[in-house]
Amino acid sequence: MSRIGFKAVPVPKGAGVTVSGNDIIVKGPKGELKAKLMPGIVVDVEEAQVKVTRTNDEKQTKAWHGMTRALIANMVTGVTAGFSKTMEIVGVGWRAALQGKKLVLNLGYSHPIEFDPPEGIEIVVENPIKFHVRGIDKELVGQTCALIKEFRPPEPYHGKGIRFENEYILRKAGKTGAK
């Protein structure tokens, strides 16, 4: 059984957490994030930490207890340091480039793919085969990476496609000729 919900979330200087009604708002130097509180969950904001408690011991409330604490910790980290994921493209002649804020991907199709990132996401192209997806919302950064990865998911035979940096792709053996 996880006890992560009982740990207090430290709030660094420059960040602030407020609870208004059924919403929790976290503000920091990089921006502001808001989340809804689940029923049966109580959030207490003290000087430099946030404590999450529950009103009963039902199974669903216990699950929401740990999840709420993790969401608050992720929001505090997001508004202070931010989140970043590095992706790389594997394939001959495949590349990424930026046109304004749009990510333009040449992935072996007959046309380039233009991806317009959602609000709050910044894409930085390091070189033609490596780029970073950055933002303050951890869920949005991960979802944006998943949407980009759908254009060419890594395939198991040659390993070509869009993948996370240092992601291991399980390779399959190709066909062998009968003799």
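I looked up confidence first, and in this chain strand β2 (residues 16-20) has the lowest, with a mean of 92, while strand β12 (residues 130-135) has the highest, at 97. The score is pLDDT, the predictor's confidence in each residue on a scale from 0 to 100, and strands (E, at least two residues) and helices (H or I, at least four) are DSSP runs numbered from the N terminus. The chain average is 93, and 98% of the residues score at least 70.

I noted that this is a predicted model, in which local features need pLDDT of at least 70 and side-chain atom pairs count only at pLDDT 80 or more, while totals for chains, interfaces and linings use all residues. Residues are numbered from 1 along each chain as its sequence is written, and side-chain values use heavy atoms, with hydrogens and water left out.

Next I turned to H65, which sits in helix α1 (residues 59-80). Is H65 buried or exposed? H65 counts as buried because its relative accessibility is 2%, where buried means under 20% relative accessible area, exposed over 50% and partly exposed in between, with a 1.4 Å probe and protein chains only.

I then asked which backbone oxygens the side chain of H65 reaches. The side chain of H65 comes to 2.8 Å from the backbone oxygen of V52, and to 3.2 Å from the backbone oxygen of G5. Leaving out residues up to four places away in sequence, I found that H65 touches G5, F6, I41, V52, T53 and R54, where contact means heavy atoms within 4.5 Å.

Note on methods. A polar contact is a pair of N or O atoms within 3.5 Å; within protein, one must be able to donate a hydrogen and the other to accept it, and residues adjacent in sequence count only if both atoms are side-chain atoms.
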